[in-house]
Amino acid sequence: MQFQKGPADHPVSGFIIKDDEDDAVTAKRKTTGGSTEYRGGQYSGYDLSRSHKLNKDPIMELKHVIGYQADKCMNLKWSKQDGENVVLFTSGGTIIAMDSESNEQKRFFFGHSAPVCCFDLNE
Amino acid sequence: MMTVPVISLKCLSFSHDGRYLASVGKDKHNKELICVWDISRITRGEMPEICARQTSEFNILSLKFSPIDSSRLASCGKENIRFWRVRETGNIRGSAVVLQHHARNTVFTCLDFEYGFRSADRSENESLKRVFVGSKHGMVFQVNYQNETLEASYKTNDGAIFAIAVNDAFCVLGSEDTYVRVWPLDFQEFFMEAQHEGTVSAVDISPDGLKVVCGTLYGSIGILDKSNQNYKTLLRSHTDEILAMDFHVQKQHIITVSKDKTIRLWDI
């Protein structure tokens, strides 16, 4: 198991806010009184490594999660993106995207403060 | 982020065009509540809105949008299979499939549409004719999509069916009897099967139709390759809280003990 030091380029993806929309969306949320009070998960839809204020060094990077939450729900899906053999599944409050050939975990979706009970994927 | 006005959430489904999201959960009065959300503007930072909602007196265990029509949904649950149509007025009208003697004491656990992710060609859409529903008695029910009638039922498993995935060529069933079986759509004789350590609770077919992923209540995920009939375990896990772990520096092993009464040695 290896932990890489320092903020990599895109260490964790699957965040709601994209680079260029960052400020605009945050500003909009403040004015609409949106979801700014949400403090449940490890990340609240915010990429820490790209934040100006929170970018402390070194930040550890998550490489792999061993765990599959196996309750009787639709909690296992193939990614519908072309050309990738990626399986998505839940492990507690995290959704993990894992490559079925290289066993590499490519994306993590954080944010829930309780175990995920169901999810669906868009095309 | 959005908060659904229910106390427990059971099922989520996107429409094929990505415009709507449907959710099912129990409301304060312990009734099933179906909400359909308009999510077409969330990429622009706007909040999703509920565009239709309906309480159902019938139990719902699974709800899915039709893969060709984003105003139609199908659901199944205890003693019922229903089709739903989203109205512009903001309610959702349901119609039940007549099940005759099959309805009694039957729990319909999962459903899927006979459909592969093919082109958005109109003529291909005509080919969606059937919906397949799995039950706790190990039966699969074939429902006509166009006129919403029960066409046939097949006895496929001894144990309850917990997961079903259908594309245009075959059907995959995951069952309590620990088998995943791949069936042709006439359910005469299965193509292949794979036995697991525990109840198979989730299956899905890859978009190219060549691989099947299955998850078990034992905490493992496996991939069944249809082309060469290979089975590969992708992941294993504890099924309960991990109480302690230690790391072997030379051999690169981790040992864990868990509340699920197992000790596991992991090779990194």
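Biologist: What separates domain 1 of chain B from domain 2 of chain B, taken between their C-alpha centres?

Modeller: In this predicted model, those two centres lie 36 Å apart. The domain assignment of chain B places domain 1 at 8-239 and domain 2 at 240-268.

Biologist: And what confidence does chain B carry?

Modeller: Its pLDDT averages 88, on a scale from 0 to 100. A score of at least 70 is reached by 96% of the residues. For the model there are also an ipTM of 0.85 and a pTM of 0.79.

Biologist: Let's turn to the interface. What makes residues of chain B and chain A count as being in contact?

Modeller: The cut-off is a C-beta to C-beta separation within 7 Å, with those atoms placed from the backbone. By that test, 34 residues of chain B are in contact with 30 residues of chain A. On the side of chain B that touches chain A, at least two residues each come from β1 (8-14), β17 (200-205), β18 (211-216), β19 (221-225) and β20 (230-235) of chain B. The largest share, six residues, is supplied by β1(B).

Biologist: What is that side of chain B made of, by class?

Modeller: There are 19 nonpolar, twelve polar and three charged residues on the side of chain B that touches chain A. Gly counts as polar in this scheme.

Biologist: Now a residue in chain A. Why is A:Gly111 called buried?

Modeller: The label requires 20 or more other C-beta atoms within 10 Å. A:Gly111 has 20 of them, so A:Gly111 is buried. Its place is in the segment after β4 of chain A. A:Gly111 and A:Ile95 are 16 residues apart in sequence, while their C-alpha atoms are 9.6 Å apart in space.

Biologist: What makes strand β3 and strand β4 of chain A a pair?

Modeller: Pairing asks for at least two bridges. Strand β3 (residues 94-99) and strand β4 (residues 105-109) of chain A are joined by four, so they qualify, and they run antiparallel. Within this pairing, A:Met98 stands opposite A:Gln105 in β4(A). The hairpin of β3(A) and β4(A) has five residues between the strands, and A:Asn103 takes a positive phi near 60° there.

Biologist: Back to chain B. What makes β13 and β16 of chain B edge strands?

Modeller: Their sheet is open, has four strands in the order β13-β14-β15-β16 (chain B), and pairs in the antiparallel sense. β13 (161-166) and β16 (192-195) of chain B each pair on one side only. From one strand to the next, the twist averages 15°.

Biologist: And why do β13(B) and strand β14 of chain B count as paired?

Modeller: At least two bridges are needed, and five join β13(B) to strand β14 (residues 170-175) of chain B, so the antiparallel pair passes the test. In β14(B), B:Leu173 is the bridge partner of B:Ile164.

Biologist: Which strands of chain B form the open sheet that includes β10 and β11?

Modeller: The order is β9-β10-β11-β12 (chain B), again four strands with antiparallel pairing. At its edges are β9 (108-113) and β12 (150-155) of chain B, each pairing on one side only. The twist here averages 20° from one strand to the next.

Technical notes: Residues are numbered from 1 along each chain as its sequence is written. Chains are lettered from A and ligands numbered from 1 in the order in which they are written. This is a predicted model: local features need pLDDT of at least 70, side-chain atom pairs count only at pLDDT 80 or more; totals for chains, interfaces and linings use all residues. Two residues are in contact if their C-beta atoms, placed from the backbone, lie within 7 Å. Domain bounds come from an automatic or database domain assignment. Axes are lines fitted to C-alpha atoms, for helices over the stretch in contact, and angles run from 0 to 180 degrees between N-to-C directions. pLDDT is the predictor's confidence in each residue, from 0 to 100. A residue is buried if 20 or more other C-beta atoms lie within 10 Å of its own, exposed if 12 or fewer, and partly exposed in between; C-beta atoms are placed from the backbone.
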